[in-house]
Amino acid sequence: MATPASSGASSRRAVVVGGGVFGCVTALTLCERGWQVIVVDPGPLPHPGASSTDVSKVIRMDYGSDAFYHELGDAAMEGWDRWNRDWPRPLYHEDGFLILSRGAMRAGEYEHDSLAVLQRRGQAPEHLDRMALARRFPRWDFTDYPEGYLNRRGGWAESGAVVQHLVVLCEAAGVDFRFAEVERLTHGGSRVSGVMTVAGERLEGDVVVVAAGAWTPRLLPWMSDVLWSTGQPVLHFHVDDPDAYRGPGFPPWAADIGNSGWYGFPALDDGRVKVAHHGPGESVHPDERGIVSADHEARTREFLRNAIPGLAAAPVVHRRTCMYCDSFDGDLWIDRDPDRDGLVVAAGGSGHAFKFAPLIGGIAADAVEGHDNAWASRFAWRERGEIRTEEARFAGS
């Protein structure tokens, strides 16, 4: 690992490319450690095209047999609790997370293995049969989903509002936001020394952190075999009785997600119910994303007719193609580039990183400063090879 800058705190400068959740938490943590930080983003912030700019993201620790992510999610929830205490209003809502199996739960599948790991780790999820499910969650038809569990330690976050407040905290800490599009990295000898904007402005730093989400593969083309941009469809349905689609009877949910890809959220105050799909997605540049197709809407309504009948005919009031920065193995990518001194990459969210926001800043800042981090090994620089786990790909955040 290259030696980090070691001069006085006031002289250390970082240029962070991207003002989404990765960029903001990294910038904030570096500022708290005494760095001067410039964040470069086309703006406005929250950026309307960023994956973290949305109405909701699932906050969970349920990751099949993958104990690492269970533990990471558990630790991140302590951060969400802290943010709820410290921020003007709570943006994480611990409504629980309902996980449903299509048919009986079976060893080796996401639902069964998540429940088993939670129980082994001392958690207390409620294992529910069809009768209990029907009694507790009346908006559902459990014909196809006769077994599942409710993990009360989970819920959802107002993701766009989270990013908005992180921007406020960054500004208060002294982060310098520059609203510009980055054209390329710049070099001082063999070292990455800054960025050049499309307008021709050169911004220099001791380190450059690329946290550009789905735009990362465009800016770092040598990573295109391990990181790529993928669009995933999201629909918002309007209901006239939003109270029926929130509270204890309608928490965030995942329905046979390892096979089907379906997950969703409680109703917002304006009556919108978000239903999303996590699947192979469409490989596309984030600036060229299309609209959610009529075919996908038809598939969603077919799922709803069999699972949540009251939503099946509800009008669609919003469509969004959510852009992921997928890594080849589904793990986050937070490390120094071993071939380019002065460059740190913090990307590869793969549709499930937002929930770890309270921890990501520390992981990325430790990569910048060359410190050990208990979580970093899973996100370290690596060659493309066999996927280590499938659970990381389940359930878009």
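This is a predicted model: local features need pLDDT of at least 70, side-chain atom pairs count only at pLDDT 80 or more; totals for chains, interfaces and linings use all residues.
Three strands make up an open sheet in the order β10-β11-β12, and the pairing is antiparallel. β10 and β12 are the edge strands, each pairing on one side only. On average, neighbouring strands here are turned by 30 degrees against each other, direction ignored.

Take the β10 side next. β10 covers residues 182-188, and six bridges join β10 to β11 in the antiparallel sense.

β12 is residues 202-204, and its antiparallel pairing with β11 runs over three bridges. M196 has R202 of β12 as its bridge partner, while V195 stands opposite L203. This hairpin has four residues between the strands, and here G200 takes a positive phi, near 95 degrees.

How much of β11 is buried? Of the seven residues in β11, residues 191-197, six are buried, so the strand is mostly covered.

α2 runs over residues 67-86, which is 20 residues. From first C-alpha to last, α2 reaches 29 Å, close to the 28 Å expected at 1.5 Å a residue.

Which residues of α2 are buried? They are F68, Y69, H70, L72, G73, D74, A76, M77, G79, W80 and W83. As background, an α-helix has 3.6 residues a turn, so residues three or four places apart point the same way. Among the buried positions of α2 are L72, A76, W80 and W83.

Technical notes: Residues are numbered from 1 along each chain as its sequence is written. Side-chain values use heavy atoms; hydrogens and water are left out. Helices (H or I, at least four residues) and strands (E, at least two) are DSSP runs, numbered from the N terminus. The expected span of a helix is 1.5 Å times one less than its number of residues. Buried means under 20% relative accessible area, exposed over 50%, partly exposed in between (1.4 Å probe, protein chains only). Two strands pair if DSSP finds at least two bridges between them. Axes are lines fitted to C-alpha atoms, for helices over the stretch in contact, and angles run from 0 to 180 degrees between N-to-C directions.
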